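I opened this entry to record what I looked up about the sheet and the charged pairs. The notes follow in the order in which I checked things.

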Amino acid sequence: MINNKIILISLIFLISCASNGTERRPSRPRNFISQEELKEMASVQTASDVIVYARPAWLQSRGLTISVFLNGVQMGNLEQLDSIPSASLQELKFLSASEAAMLYGTGAGMGGAIDIKTK
């Protein structure tokens, strides 16, 4: 009887751990887009396209201003993303409002900031 319970528990454990056959992609950091990830996006044209494709949650301002910084210089708001070609991008980071304020001062965007580094 005990052997049957052990076998049953082992079988349940193995079934619950079994793969469903689909390959899992490694999880990506939610506040960072690396150069390697950018290389996978051949069809995108602008920084805006990159974010819409890879991290659309970055664009949800909830009524607060999100600032855009390019190589440490404040460019303006989200509309500026359309003028930055994706081929020039090295990495993108989303900064919370407090992170943006620590790096760029208190006027850096109440909704956070998108910090872009180019090649």
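The model is predicted. I began with the pairing of β4 and strand β5 (residues 113–118), which is antiparallel and runs over six bridges. Within this pairing I found E91 opposite K117 of β5.

I then looked at strand β1 (residues 32–33). It pairs with β4 over two bridges, again in the antiparallel sense. I33 has L92 of β4 as its bridge partner.

Next I wrote down the whole sheet. Five strands make up an open sheet with mixed pairing, in the order β1-β4-β5-β2-β3. β1 and β3 (73–76) are the edge strands, each pairing on one side only.

The cut-off I used for buried is under 20% relative accessible area.

I checked which helices lie across the sheet. Helix α3 (residues 47–54) lies across β1, β4 and β5, and I noted an angle of about 60° to β4. Helix α4 (residues 97–104) lies across β2 (67–70), β4 and β5, at about 115° to β4.

I turned to the salt bridges and searched the whole structure, which gave five. One of them joins K117 and D115, with the closest N and O atoms 3.4 Å apart. K117 is partly exposed at a relative accessible area of 27%, whereas D115 is buried at 5%.

I looked up two of the pairs in detail.

The side chains of E37 and R28 form a salt bridge at 3.9 Å, N to O. E37 counts as buried, with 7% relative accessibility. R28 has a relative accessible area of 31% and is partly exposed.

The side chains of R55 and E37 also meet in a salt bridge, at 2.7 Å, N to O. I placed R55 in the loop between α3 and β2, and E37 in helix α2 (residues 35–39); the pair therefore ties together parts that are 18 residues apart in sequence. R55 counts as buried at 9% relative accessibility.

Methods. Residues are numbered from 1 along each chain as its sequence is written. This is a predicted model: local features need pLDDT of at least 70, side-chain atom pairs count only at pLDDT 80 or more; totals for chains, interfaces and linings use all residues. Side-chain values use heavy atoms; hydrogens and water are left out. Two strands pair if DSSP finds at least two bridges between them. Helices (H or I, at least four residues) and strands (E, at least two) are DSSP runs, numbered from the N terminus. Contact means heavy atoms within 4.5 Å. Axes are lines fitted to C-alpha atoms, for helices over the stretch in contact, and angles run from 0 to 180 degrees between N-to-C directions. A salt bridge is a side-chain nitrogen of Lys or Arg within 4 Å of a carboxyl oxygen of Asp or Glu. Buried means under 20% relative accessible area, exposed over 50%, partly exposed in between (1.4 Å probe, protein chains only).
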